[in-house]
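Here's a quick briefing to read with the model open beside you.

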Amino acid sequence: MSGTKYVDSEGFLYTAPVREQGNIYKPNNKMMADELGEKTVHDVHTKEIDLVNRDPKHLNDDVVKIDFEDVIAEPEGTHSFDGIWKASFTTFTVTKYWFYRLLSAIFGIPMALVWGIYFAILSFLHIWAVVPCIRSYLIEIQCISRVYSICIHTFCDPMFEAIGKMFSSIRATVRKEV
């Protein structure tokens, strides 16, 4: 440890210690942060997005992967000219690619805005309306469940116990005669 020198009120010269690993409250190395048990906080609004794998959770695997062969097929015995087949393939593929890009450019941001608003409203209602209503219901139903439990234990338990004692003396045996 080394540091800058300073003079205290009595005139003594001291060196201020400098920590090699950073401030004890805000460590600047991972090892010290792990020792102190600190967790790093990531802002979800500024996270990086993957521009290569745009469907990391595979939401659209079975829906959108449509190729030319999945839509247009010529059975054996009915084939068009090879040039027509190649041009059809190219036309389908390029049209699908560019028309998707055009629709994404026109409607992508407005649809993202609409879905963002929708999920914000859904989250808001769930947090501020649905969960409190369910919690309130569970609190209120506890009182009813206690009264119901007392009624069951008072009236039904003795009856079922008596019926059980009545049928406990019945013995069933199975015999196989040869």
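Which charged end sits over the ring of Trp 98? That would be Arg 101, whose charged end is 5.6 Å from the ring centre; a charge sits over a ring if NZ of Lys or CZ of Arg is within 6 Å of the ring centre and within 35 degrees of the ring normal.

Bear in mind that this is a predicted model, where local features need pLDDT of at least 70 and side-chain atom pairs count only at pLDDT 80 or more, while totals for chains, interfaces and linings use all residues. Residues are numbered from 1 along each chain as its sequence is written, and side-chain values use heavy atoms, with hydrogens and water left out.

**Overall layout**
- The protein chain has 3 helices and 2 strands, taken as DSSP runs numbered from the N terminus (helices are H or I, at least four residues; strands are E, at least two).
- Going along the sequence, you get the pattern β-β-α-α-α.
- Of the 178 residues in the protein chain, 3% are buried (buried means under 20% relative accessible area, exposed over 50%, partly exposed in between, with a 1.4 Å probe and protein chains only).
- The loop between α1 (30-36) and α2 (68-71) holds His 58, a non-glycine residue with a positive phi near 55 degrees.

**Aromatic rings**
- The whole structure contains 7 aromatic pairs, counting rings of Phe, Tyr and Trp (its six-membered ring) with centres within 6.5 Å; planes under 30 degrees apart are stacked, over 60 edge-to-face and the rest tilted.
- Trp 115 and Tyr 118 make an edge-to-face pair, because their planes are at 90 degrees, with ring centres 5.5 Å apart.
- Both sit in helix α3 (residues 82-168), 3 residues apart, so about one helical turn separates Trp 115 from Tyr 118.
- Trp 115 is partly exposed at 44% relative accessibility, and Tyr 118 is partly exposed at 42%.
- Phe 68, Trp 85, Phe 89 and Phe 92 form a cluster linked by ring pairs.

**Cysteines**
- The disulfide count is 0, where a disulfide is a pair of cysteine sulfur atoms within 2.5 Å.
- Cys 151 is in no disulfide, and the nearest cysteine sulfur, on Cys 156, is 8.7 Å away.
- Cys 151 is partly exposed at 35% relative accessible area, while Cys 133 counts as exposed at 53%.

**Largest pocket**
- Its lining takes in 20 residues, and Arg 54, Asp 55, Asn 60, Val 64 and Tyr 100 are the ones nearest the centre of the largest pocket.

Terms used. 1 Å grid on protein atoms, 1.4 Å probe; cavity = no way out; pocket = protein on both sides within 12 Å on 5 of 7 lines; lining within 4 Å.
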